[in-house]
Amino acid sequence: MKKVIPFILALSLVACTVAGCGDSQTDDPSDNTSTRTITDSVGRTVEIPTVVEKIVPLGNTPRMISYLGLADKVVGLGGMDASNVTPVTAYAYANKDVWANVPLVGTDAAGATDYYPEEIISCDPDVILCSYTKELADEIQTKTGIPVVAVPMGTLFETDYKDALRLLGNVCGVGARAEAVITYINDCLADLATRTAGIPDQGKPSVLGAAATFKGMHGLDGVYTKYAVFEVISANDVTEGLSNTSGALLIDKEQIIVWNPQYIFLDSGGVGLVRADYNDNPGLYAQLTAVQSGNLYQYPSSTSYYSNLEIPIVNAYYVASLLYPEQFSDIDFNQKANEIFSFFLGIDNYLSILESAGAGYGKVTLG
């Protein structure tokens with residue numbers, strides 16, 4: 001990496017936020033050997049090329065850079081084997097043709113982080129992007145000799161996700177697209193929150209998110225707690241108080257009978273397990289109001305190789321349109337869903353792709 005004289009270096013070291021909004025630049029930007037200095041999300045000072053043309057995204061950054069329109073700049077990829085990609089891993093499915101010949105240089109399968117320094121070096125990227133710790137980012141940079149920029153993993157619908165998008169946009173020269181994505185997210189969340197804000201608690205039906213996807217698929221006993229999809233629409237979640245953090249866990253199915261939610265929403269991937277369990281335990285399901293009244297529904301999982309972003313937003317509109325039909329009477333769900341998918345993925349009618357894979361939206365019947 002090019003050395004710069006102390007005087008220029010001193011001028012170039014400017015304050016930078018944790019989100020990496022500020023950077024310093026050296027040399028002529030028209031010269032592709034010029035560099036600039038940024039501060040990444042874990043406080044590391046990193047010298048990167050002024051113009052980034054080739055990237056290796058690891059961790060959750062492949063999803064984020066796809067939202068930013070950077071898929072064609074990927075020369076090496078961290079993720080799952082292409083044969084395992086389904087439409088529920090929306091960013092990877094949307095780019096399956098673009099990335100068909102891009103080598104896999106890392107994986108975080110089953111929560112185990114692994115990367116392949118030799119393969120990364122052979123890809124000759126300008127920069128490596130990751131959502132890892134400071135220690136791991138330093139390790140990768142030391143072993144490859146290539147600049148590594150760490151961004152937040154991204155908490156669904158929270159500020160750190162937007163910080164990550166903004167930093168990636170800065171590094172890769174697509175700041176305007178990053179701001180457009182952030183604005184779109186904010187507009188969707190504000191619309192959902194505004195429509196549901198005035199609904200009195202006593203008028204809200206109770207709801208449960210089950211067949212949760214975490215460390216694999218689960219049946220009815222896998223439930224979401226403090227689920228962002230429910231939180232953003234102020235749903236009457238029966239798991240309230242079960243956990244202080246957003247996540248998923250296994251519970252005794254007898255607890256679901258005690259809660260007896262009026263609506264149950266299932267991750268599409270776990271519906272088969274629920275049906276199999278119903279065949280073995282029909283009496284248990286017969287006690288559930290949601291089953292008796294036909295208010296058992298499926299939607300695509302919010303989680304597939306880290307958390308999706310576009311799918312949870314669509315899921316929130318779907319759940320809200322069922323729970324609060326009056327407040328969402330002007331929304332055509334299919335049209336809204338495809339608008340959201342098109343914005344993030346650049347694919348028209350992605351809803352039909354999910355439906356063809358059995359991961360669409362709709363009622364679930366048992367027996």
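Visitor: What volume does the second largest pocket have, and what makes it a pocket?

Guide: This is a predicted model, in which local features need pLDDT of at least 70 and side-chain atom pairs count only at pLDDT 80 or more, while totals for chains, interfaces and linings use all residues. Residues are numbered from 1 along each chain as its sequence is written, and side-chain values use heavy atoms, with hydrogens and water left out. The second largest pocket has a volume of about 250 Å³, the volume being the space filled by probe spheres set on grid points joined across faces, edges and corners. On a 1 Å grid over the protein atoms alone, a pocket is an open set of points where a 1.4 Å probe fits, with protein on both sides within 12 Å along at least five of seven lines, and lining residues have an atom within 4 Å of a point.

Visitor: Which residues lie nearest the centre of the second largest pocket?

Guide: Of its 15 lining residues, Leu-77, Met-80, Asp-81, Ala-82 and Trp-99 lie nearest the centre. Strand S5 (77–78) and helix H3 (90–94) each give two or more residues to this lining, where helices (H or I, at least four residues) and strands (E, at least two) are DSSP runs numbered from the N terminus.

Visitor: Why is the largest pocket said to lie between domain 1 and domain 2?

Guide: Domain 1 (36–185) and domain 2 (201–363), whose bounds come from an automatic or database domain assignment, both contribute lining residues, and therefore the largest pocket lies between them. Its space amounts to about 1,500 Å³, and it is lined by 49 residues, with Thr-213, Thr-303, Ser-304, Tyr-306 and Ser-307 nearest its centre.
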